[in-house]
Structures are given as C-alpha cells and as structure tokens.
Amino acid sequence: MRVVLLLLFVFTLQGSRLLAQNNTSQFYLYEDSSSRYNAQQIAELYRKHSIKQAPAKGKNISFTRSVYWLVYENPSARPADSMLLYIGHHHINRIHFYFVTDSSIQKQWVTGDYYPFRQRPIEATGFYFPINRKGIYLAEIDKRNESLQLSYRLTDIKQALQEESRTKTVLFLFTGMLL
C-alpha cells in the first residue's frame, strides 16, 4: 500500500510540474457574463485591446454563470501538429474553437464533456487543439452553473502523449484500488 501511495505521489508531482511550466506565451481571457457574445465580437474586442491578459498558470474561477473566451495569437505558421493548445479541466461542458483571419472566422471544433469523444481534435482525455496557422485562435469555454478550474498552455504532441499516459496511469491506479 505504501508503494502505491508513493507512486501516486511521484506521478502527482510530475504532473503538477508540467502544469506549472514557465509559459512565455500570452493568453487573454474574457468573461462574458451575458453569454451573448460571438466569436466576431470577441475578435473585435481583442483587436481593440479590450481583453485582459490571462494569468500565466490558469485561473480558478470557481462557480460561474458566465462563458469565458480564451484568446491566443499565434505569431507564425508551423508544421501541422507541431504545436497544440491544451485547455483544461477535462470536464468542461462545451468548447467552441475558432480560427480568425483578417477576413473571416472559421469554427474549427465543437467539443467538450457533453459531446461524443470522437469530436475531440486529438483523441485524448484532455482537450488539445492543433495550432499551426499564423493568426488568432479563440476558445469559447462554457461551464455555466458549475465550478470551473481553467488551465491552458502550449505543448507539443510528445509532451501531450506523456501527460496523457501519466493521467491514465493515475486513473487506473485509483480505479484498481477501488475495485
């Protein structure tokens, strides 16, 4: 039993170290308390510098009645699947993910805990979105009338797979201990 608890402690420390990486990317976060804004309006607010920079390590919003918009501007084009945007917690109800150019807004993904698993861009327990084009990416995050602990960071596919394997290992350890 002590060995299992020690392994669990080690996995937890390694996972929290990944979450606390020094992320130099700038994210912006907007609280839409009316839940009426659309992607075009949010993109316009961002261009007018009316959206505040998000905390570097995420935000514990707690109980909310609002929709949150996460904004990330990718400064350069990248090879496909070379960079992913992770948005957590794993139990976010709905995420609508958009790509914004000067002339258009494209809805790329609709996913979340309320949707079938196959709707996730990367088949993983976390929400990972490919970032490869130069431009603005918007994520409409809806967990209204529940508690929201929001984290976000850029990662690559290798790091994402490593983190997913750690998460699944801890989950299997807990499941096995309960059975």
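Me: In this predicted model, how many bridges join β6 to strand β9?
Reply: Strand β9 covers residues 135-142, and it runs antiparallel to β6. One of the pairs sets Arg94 against Asp142 in β9. The number of bridges joining β6 to β9 is seven.

Me: Which residue in β7 is the bridge partner of His96?
Reply: β6 is also joined to β7 (residues 105-111), in an antiparallel arrangement with six bridges. Phe99 stands opposite Gln106 in β7. For His96, the bridge partner in β7 is Val110.

Me: How many residues lie between β6 and β7 in their hairpin?
Reply: β6 spans residues 94-100, and β7 spans residues 105-111. The two strands form a hairpin, and the number of residues between them is four.

Me: Which are the edge strands of the open sheet?
Reply: The sheet has six strands with antiparallel pairing, in the order β2-β1-β4-β9-β6-β7. An edge strand here pairs on one side only. That applies to β2 (52-53) and β7.

Me: Is strand β6 mostly covered or mostly uncovered, and how many of its residues are buried?
Reply: A residue counts as buried when its relative accessible area is under 20%. β6 has seven residues and is mostly covered. In the sheet order, β6 sits between β9 and β7. The number of buried residues in β6 is six.

How values were computed: Residues numbered from 1 in each chain as written. Predicted model: local features only at pLDDT ≥ 70, side-chain atom pairs only at ≥ 80, totals over all residues. Heavy atoms only, no water. Buried < 20%, exposed > 50% of the residue type's maximum accessible area, 1.4 Å probe, protein only. Pairing = 2+ DSSP bridges.
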